[in-house]
Amino acid sequence: MLAAYLSAVADPAMTRVADASAGDAGSAGSASGTAEHQSSATREASAGEGVTRQSGEGTAGKEMASKGAAGSSPLDRLAIGQLPEPDLPPGWAMVKMAAASLNHHDIWTLQGVSSRPISPPQVLGCDGAGTVVAYGPGPVPATAPPLGSSVLAYPVISCRECANCRSGNELLCRDVALLSEGKYQGTLAEQFPVPAANLVMLPDTVTPTAAACMGTTYLTAYHMMYDRARLVPGNTLLIHGATGGVAVAVMQLAKIGGISVIATARNEAKRQFALSMGAVLALESDTASAREIQKFTAGGVDAVMETVGAPTWELSLRSVKPDGIVVVSGATGGGNPAAMLQRVFWRQIRIAGSTMGTFQELNRLVGLLARRQLDPLVDSITPLSVAAGAFAKLYQGQQSGKLVIIA
Ligand SMILES: [Zn+2]
């Protein structure tokens, strides 16, 4: 089968992150979530050529950063070619891919960064939709969609047995991983295996292209807004890096949810883009904008969707209202800003981490698609056989909207 995959690990030192313990698995989850705005943040923060992960987990992350800056392109390790068809374990389904989408997670995998050890060939891709063509040996779960169903894959694989998994908090599972991490094949292939329990049935009105955009970027945005920040209609949120994937998703979901958006971006074109996406105010992303935000909102925003980290942290803390919340799903511009703890305790600011989203939330997003309330922003649709160009666009941060790959 045709697949897009990591063909080689560039440097054994780079796999050190992959050897990290379960604590790092969580950050990999966030890695996929923040994927899209890494490219944005790289542009925004002028962080240079190398797309580097700086989520602040310590020396391995720093090592990655320096290696990335030093040099070789992760795109050199991207291969698009024939691989044997993967095994289908009991309880798993084989999906004939109709559409998948790229995330910055795929670039990190090419760089050797993963929550699990990587052994090439590693098929890339977290997000995918298509048709169920087979189930693995043994009994098929009662809730599994019939063969031939159009489905979307939930990218988070967890143990399904621990207390967190059983209570619908699979993101907190100690054994959590994403499609395309470790032994799990990704979605960027003519066929991809996925646990049957991870399939979301798609109504006729939902195209695979739209569905394939949901699994990482939109899911991350949704979880930040409605699980972590618990936003309600009439609230105001602040988002940085207006053209990043999660930022775009936040702006679209906020419009549906009756939430006002203030966006920041480094240049006028991006601020105009944010206004075109429905932002009520678009400002420069420097600390001086806090005064304007405080004035505009009469005391601060209800919530900040923080994905950039160090370059925007002070602006976030100065823009949020007392008892407001700063939700962090990425730190692409740096993971160790000055904490400003006096401001945090004096104004009773709440700070919450966020990674990906739940299966239930993904179903809600499909509901928004089915009711035609949400129409994801798609940059381009590219056949898998020539997907290298789409990867290059992602790496260079030139996309606006999702890069969709079709079989
Ligand atoms: Zn579990």
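**Close-up views of a predicted protein model**

Figure 1. A390 counts as buried because 23 other C-beta atoms lie within 10 Å, the cut-off for a buried residue being 20 or more. The model shown is predicted. A390 belongs to helix α13, which spans residues 388–395. Beyond the neighbours within four places in sequence, A390 makes contact with L102, S380, T382, L403 and I405. For one of these partners, S380, the separation from A390 is 10 residues in sequence and 8.2 Å in space, taken from C-alpha to C-alpha.

**Figure 2. The crossing of helices α6 and α7.** Helix α6 covers residues 214–228 and helix α7 covers residues 245–257; their axes come within 8 Å and cross at roughly 60°. The two helices are therefore oblique to each other. The crossing of α6 past α7 is right-handed. On the α6 side, the contact is formed by T217, Y218, T220, A221, Y222 and M225. On the α7 side, G245, V246, A249, V250 and L253 take part. Sorted by class, this contact holds eight nonpolar residues and three polar ones, with no charged residues.

Figure 3. Within helix α9 (residues 289–297), the residues S289, I293 and T297 are buried. Viewed down the axis of α9, the buried residues fall within an arc of 55°, so they line one face of the helix. An α-helix has 3.6 residues a turn, so residues three or four places apart point the same way. The face of α9 turned away from the buried side carries R291 and K295, which are exposed.

**Figure 4. The cover over helix α9 and the residue that follows the helix.** Several elements cover the buried residues of α9, including the strands β11 (236–240), β12 (260–264), β13 (281–283) and β14 (301–306). Helix α10 (313–319) is also part of this cover. Just after α9, A298 adopts a positive phi of about 55°.

**Figure 5. The whole protein as the setting for the close-up views.** The protein contains 13 helices and 18 strands. Of its 407 residues, 54% are buried. Among contacts in the protein with a separation of 6 or more, 75% join residues 24 or more positions apart.

Terms used:
Residues numbered from 1 in each chain as written. Predicted model: local features only at pLDDT ≥ 70, side-chain atom pairs only at ≥ 80, totals over all residues. Helix = DSSP H or I, 4+ residues; strand = E, 2+ residues; numbered from the N terminus. Buried ≥ 20, exposed ≤ 12 C-beta atoms within 10 Å, placed from the backbone. Contact = placed C-beta atoms within 7 Å. Axes fitted to C-alpha atoms, helices over the stretch in contact; angles between N-to-C directions. Parallel < 35°, antiparallel > 145°, perpendicular 65-115°, else oblique. Left-handed = near helix turned anticlockwise from the far one by under 90°. Nonpolar A, V, L, I, M, F, W, Y, C, P; charged D, E, K, R; others polar. Arc of directions from axis to C-beta.
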